[in-house]
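Subject: A structure to look at

Hello,

Here is the structure I promised to hand over. Please open it and keep it in view while you read my notes.

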Amino acid sequence: MSIELDVLAIFAHPDDAELVCGGALLKSAQMGERTGALDLTRGERATLGSPEIREKEAQNAAEVLGLTVRRNAGLPDSAIENTVESRTALVEILRDLRPRVVVTHAREGRHRDHRIAAQLVYDACFLAGLEGFPAAGEAHRPEKLVHAMTFREDVVKPTFVIDISDQMEAKLEALACYESQFVEGLVQSGEVFPGGSRPLVDQIRVKCAHHGSLIRVAYGEPFWTRETVEMESLGRLEVATF
Ligand SMILES: [Zn+2]
């Protein structure tokens, strides 16, 4: 039987989801939403760790984030391509997990897997809803696709920010599950994302603190959508101007 997810995070490598939207995923789960993660590759090209170790780490992190399901699409690390084969593989998983909202990479990024995944996920979400698309499963098109913007430095305003002040420590806990990747002293934080030599945990904190400041809270995770976000009324608008 297929799973009807509220939110599915689709990212190139195990630990990407935790880095860019771990707090928001946990918050959704805490609010009773059914959440999942689909890692496109096993991260087998990483300098540190092995696919087996990273699989175990990903499952441990899934527990911290309260994910209903975590799957791996088995695409090649550092060689993700937007092809008929990869689109078909994703369509079949989307038709099985049937998410309402899909979260994926920003459209820009220095890792080519991230950029290509953003387009691949967009295409697969549309195709999954076409009755005639030749892939297993009943047609299903996610209602929304949003791009996670944490750590991006493009001059693009996030469409919205999720307040993760109450989830920040658990987000770091989920990241700490990836012991093979984030070995303090072995990994330079600049390797994970540019921006100075402070310890990785501090780097993540300052980035999330910046995104949080945009909505006047301690920590936040930013997202971008093509479509405009609806607000209920002028009188209920939040986030102080001054
Ligand atoms: Zn990645």
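The expected span of a helix is 1.5 Å times one less than its number of residues. Keep that rule in mind. Also note that this is a predicted model.

Start with helix H2, residues 51-65. This helix has 15 residues, so its span should be 21 Å.

Next, which residues of H2 are buried? They are Arg54, Glu57, Ala58, Ala61, Ala62 and Leu65. Looking down the axis of H2, you find these buried residues within an arc of 145 degrees, so they line one face of the helix. Turn to the face that points away from the buried side.

What covers the buried residues of H2? The cover includes two helices, H1 (16-30) and H5 (168-176). It also includes two strands, E2 (35-41) and E3 (69-75).

Now go to the loop between E2 and H2. Glutamate 44 sits in it. Is glutamate 44 buried, exposed or partly exposed? A residue counts as buried with 20 or more other C-beta atoms within 10 Å, and as exposed with 12 or fewer. Glutamate 44 has 15, so it is partly exposed.

Leaving out residues up to four places away in sequence, glutamate 44 touches Pro51 and Asp77. Glutamate 44 and aspartate 77 are 33 residues apart along the chain, yet their C-alpha atoms are separated by 6.0 Å.

Best wishes

Terms used. Residues are numbered from 1 along each chain as its sequence is written. This is a predicted model: local features need pLDDT of at least 70, side-chain atom pairs count only at pLDDT 80 or more; totals for chains, interfaces and linings use all residues. Helices (H or I, at least four residues) and strands (E, at least two) are DSSP runs, numbered from the N terminus. The arc is that of the directions from the helix axis to the C-beta atoms. Two residues are in contact if their C-beta atoms, placed from the backbone, lie within 7 Å.
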